[in-house]
Amino acid sequence: MSGIFTDVAVLRIDVDPEADDDAEQLPPVQQKVPLKAIAPEGNVRGGIVVLHESRVIPESLIDLLRSLALEGWLAVAPDLFHRGSDGDEVFGENLFADFDATFDWLTSRGVYPDCVGVIGFDDAGTAALIVATNRPIGAAVSVAAAGILEPINEDAVALIEAAPGLQAPWLGLYGENDPRTPPEHIEGLREAAMRASVATNIVSYSGLRHRADETQAPWGGAEESDPATAALIEAQTRIFDWFDSFLR
C-alpha cells in the first residue's frame with residue numbers, strides 16, 4: 001500500500017454575474033484546501049472523507065486513514081483550518097466549501113459520487129452528520145457527535161433538528177458515560193433520526209473505550225476477552241460494515 005501523501009483540493013468559486021467584465025476582480029484569499037490522503041494498492045472501491053477537529057492531524061487518525069485504505073477506500077483528510085482562523089471549529093459555509101472541494105478531488109480520481117462517505121469524531125462527528133443532511137453522499141458515520149439539543153456554535157445546527165433531514169445512511173456511535181452526550185440526549189437523537197428517509201442507526205457503549213480514533217487496539221485485530229477492547233473492536237467493525245453496506 002502506498003504511504004500517506006499530501007495534495008490540495010480546489011475550492012469551487014462562484015462568479016458574481018453582476019460584476020463588471022472590464023473591472024479587475026481580485027482572486028479569493030484562499031482557493032485551495034490542503035489534504036492528507038492514503039490510496040489503496042489495488043482498485044479504489046470508493047472514497048472516505050475523514051473530518052477532524054485538530055489543527056494538526058494526529059497519528060491516531062493517520063492510522064484510521066491507513067486502515068480504510070487497506071479496505072480499498074481512498075481515504076482523505078482535509079485541513080478544515082487552512083484559512084488560518086484562530087476561532088472555533090469550522091461549520092457553516094466554510095465546512096460545505098471544504099467538503100465540496102474534497103468531494104470534487106475524489107470524483108476527479110474516478111470515485112463515483114454515491115461511493116463517497118464521510119466520518120468524523122467529536123465536533124467533527126457533528127460536522128459529518130450536518131454534511132449528510134446537505135450533500136447527497138453515500139454514507140456517513142459520527143462518533144461522539146455533540147450538540148444534540150443545542151447547536152455547538154452559531155454556524156452549526158442542533159442534531160435533533162438536523163437528523164430527520166439526513167440524505168445519506170448515517171451511523172452514530174456514542175458512549176453512555178460521555179458528559180457532552182448524556183443518554184437522554186442520545187435517545188432523543190435516535191427518535192429524530194428514525195424520521196429520516198434513509199437508514200440510520202445509533203449504538204451506545206458503556207464507558208468511553210469504544211473510540212475508534214484512539215490507538216487502544218489495532219484496527220482489524222483479533223477479538224480480546226477484555227470488555228473495553230471488545231467494545232473498541234466491535235465499534236471499528238460497525239464502521240467498516242456501514243461503509244461496506246452502503247458505498248456500492
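**Overall make-up and confidence**

The protein chain has 248 residues, of which 50% count as buried. Its secondary structure consists of six helices and eight strands. Read from the N terminus, the order of these elements is β-β-β-α-β-α-β-α-β-α-β-α-β-α.

The mean pLDDT of the protein chain is 86, with 82% of its residues at 70 or more. Helix α4 (residues 159-162) has the highest confidence, at a mean of 98, and helix α6 (residues 227-246) the lowest, at 88. Where pLDDT is low, predicted coordinates should not be read in detail.

**The nonpolar cores**

The largest nonpolar core holds 50 residues, and Leu51 and Ile137 touch the most other members. Apart from this core lies another, of 30 residues, including Ile57, Trp73, Phe243 and Leu247. Beyond four places in sequence, Ile137 touches Phe99, Phe103, Pro113, Val116, Val118, Val131, Ala132 and Ala168.

**Helix α3**

Helix α3 is mostly covered, with eleven of its twelve residues buried. Among the buried ones are Asp123, Gly125, Leu129, Ile130, Val131 and Thr133. The buried residues of α3 pack against the strands β3 (46-51), β5 (116-121), β6 (139-143) and β7 (170-175), and also against the helices α2 (92-107) and α4.

How do α2 and α3 lie relative to each other? Their axes come within 11 Å and cross at roughly 75°. Angles of 65 to 115 degrees count as roughly perpendicular, and α2 and α3 are therefore roughly perpendicular to each other. Where they meet, α2 contributes Leu95, Phe96 and Phe99, while α3 contributes Ala127, Ile130, Val131 and Asn134.

**Two buried residues**

Thr133 lies in helix α3, and Ile48 lies in strand β3. Is Thr133 buried or exposed? Its relative accessible area is 12%; since buried means under 20%, Thr133 is buried. Ile48 also counts as buried, because its relative accessibility is 0%.

Leaving aside neighbours within four places in sequence, Thr133 is in contact with Ala162, Gly165, Leu166 and Gln167. With sequence neighbours within four places again left out, the contacts of Ile48 are Leu68, Trp73, Leu74, Ala75, Val76, Gly117, Ile119, Phe243 and Leu247. Trp73, Phe243 and Leu247 are also among the members of the core of 30 residues.

| Pair | Separation in sequence | C-alpha to C-alpha distance |
|---|---|---|
| Thr133 and Pro164 | 31 residues | 8.4 Å |
| Ile48 and Val118 | 70 residues | 5.4 Å |

Key:
Residues are numbered from 1 along each chain as its sequence is written. This is a predicted model: local features need pLDDT of at least 70, side-chain atom pairs count only at pLDDT 80 or more; totals for chains, interfaces and linings use all residues. Side-chain values use heavy atoms; hydrogens and water are left out. A nonpolar core is a set of buried Ala, Val, Leu, Ile, Met, Phe, Trp, Tyr and Cys residues joined through side-chain atoms within 4.5 Å. Buried means under 20% relative accessible area, exposed over 50%, partly exposed in between (1.4 Å probe, protein chains only). Contact means heavy atoms within 4.5 Å. pLDDT is the predictor's confidence in each residue, from 0 to 100. Helices (H or I, at least four residues) and strands (E, at least two) are DSSP runs, numbered from the N terminus. Axes are lines fitted to C-alpha atoms, for helices over the stretch in contact, and angles run from 0 to 180 degrees between N-to-C directions. Angles under 35 degrees count as roughly parallel, over 145 as roughly antiparallel, 65 to 115 as roughly perpendicular and the rest as oblique.
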